[in-house]
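Please look over the sequence and the model first, and then read the notes below.

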Amino acid sequence: MMLQLIDQLQGREIMRAVREILSCDQVAEQGSNKLTGVTDNPAMPDNLRDIIQLMNANIEDPLSIDELVACIGISRRQIERLFQTHLDTSPSRYYLELRITHARRLLLQSNDSVTNIALACGFVTSSHFSNCFKDFFGVSPSHVRDKYRQNFS
């Protein structure tokens with residue numbers, strides 16, 4: 001309910017950022033990598049739900065949009081429209097957010113190195129991962145981990 005209020009007062013981008021921060025504080029269940037509540041929406045088309053499930057299942061080795069097209073059997077443009085209409089984002093942006101959010105969970109819940117976490121989330125280099133992470137969260141992966149450890153030590 002608060003997220004809806006934030007959406008109304010501050011806009012969708014702020015609401016998404018708050019939702020992602022809150023979701024990162026929750027302990028992820030084994031095998032659960034989806035963004036909070038996205039696939040729980042009964043109005044979501046099955047094709048979109050299937051694409052998101054494929055994305056969730058392929059965090060470490062991300063699929064290209066063309067590979068998603070081949071798996072789902074609808075056009076690239078239809079996939080783009082589904083994401084824009086129902087999630088107000090592009091498929092590639094959603095996938096990146098999914099991978100970065102998963103990476104943040106790993107940073108907070110494991111002792112793996114930043115490099116290993118980057119690889120586990122489908123990034124080829126840790127520097128590319130760090131840049132994407134910092135662009136999304138506003139701080140570096142190591143800073144997030146250090147701050148979390150300070151708060152819970």
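Does Pro91 count as buried or exposed? Pro91 counts as buried, because its relative accessibility is 5% and the limit for a buried residue is under 20%. The model in view is predicted, and its protein chain has nine helices and zero strands. The points below go from the chain as a whole to particular residues.

**The chain as a whole**

- Read from the N terminus, the elements of the protein chain follow the order α-α-α-α-α-α-α-α-α.
- The protein chain has 153 residues, and 36% of them are buried.
- Among contacts in the protein chain with a separation of 6 or more, 58% are between residues 24 or more positions apart.
- The protein chain has an accessible surface of about 9,000 Å², and carbon and sulfur atoms account for 49% of that surface.

**The largest nonpolar core**

- In soluble globular proteins, nonpolar side chains tend to be buried together.
- Here the largest nonpolar core contains 31 residues, and those touching the most other members are Ile51, Met55 and Phe83.
- Two or more residues of this core come from each of helix H3 (46–57), helix H4 (65–72), helix H5 (76–87), helix H6 (91–109), helix H7 (114–120) and helix H8 (126–137).
- The element that gives the most to this core is H6, which supplies seven residues.
- Apart from neighbours within four places in sequence, Ile51 has contacts with Leu68, Ile72, Ile74, Ile79 and Phe83.

**Pro91 and its surroundings**

- Pro91 has its place in helix H6.
- When residues up to four places away in sequence are not counted, Pro91 touches Met55, Ile65, Ile79, Glu80 and Phe83.
- Two members of that list, Met55 and Phe83, are also among the residues that touch the most other members of the largest nonpolar core.
- Glu80 and Pro91 are eleven residues apart in sequence, while their C-alpha atoms are 6.2 Å apart in space.

**Asp88, in the loop between H5 and H6**

- Asp88 lies in the loop between H5 and H6.
- Although Asp88 is not a glycine, its phi is positive, at about 55°.

- Met2, Leu5 and Leu9 make a nonpolar surface patch of about 320 Å².
- One of these residues, Leu5, is in helix H1 (residues 2–10).
- Leu5 has a relative accessible area of 36%, and is therefore partly exposed.

**Aromatic residues**

- The structure has five aromatic pairs.
- One of them joins Phe133 and Phe137, with 4.8 Å from centre to centre and 45° between the planes, and this pair is tilted.
- Why are Phe133 and Phe137 separated by about one helical turn? The reason is that Phe133 and Phe137 are four residues apart in helix H8.
- Both Phe133 and Phe137 are buried.
- One aromatic cluster is formed by Phe123, Phe129, Phe133, Phe136 and Phe137.

Notes
Residues numbered from 1 in each chain as written. Predicted model: local features only at pLDDT ≥ 70, side-chain atom pairs only at ≥ 80, totals over all residues. Heavy atoms only, no water. Core = buried A, V, L, I, M, F, W, Y, C linked by side-chain atoms within 4.5 Å. Buried < 20%, exposed > 50% of the residue type's maximum accessible area, 1.4 Å probe, protein only. Contact = heavy atoms within 4.5 Å. Areas by Shrake-Rupley, 256 points an atom, 1.4 Å probe, with all protein chains shown as cover. Patch = residues over 30% accessible without salt bridge, like charges linked within 9 Å, V, L, I, M, F, W, Y side chains within 5 Å. Salt bridge = Lys/Arg side-chain N within 4 Å of Asp/Glu carboxyl O. Phe/Tyr/Trp six-rings, centres within 6.5 Å; stacked < 30°, edge-to-face > 60°.
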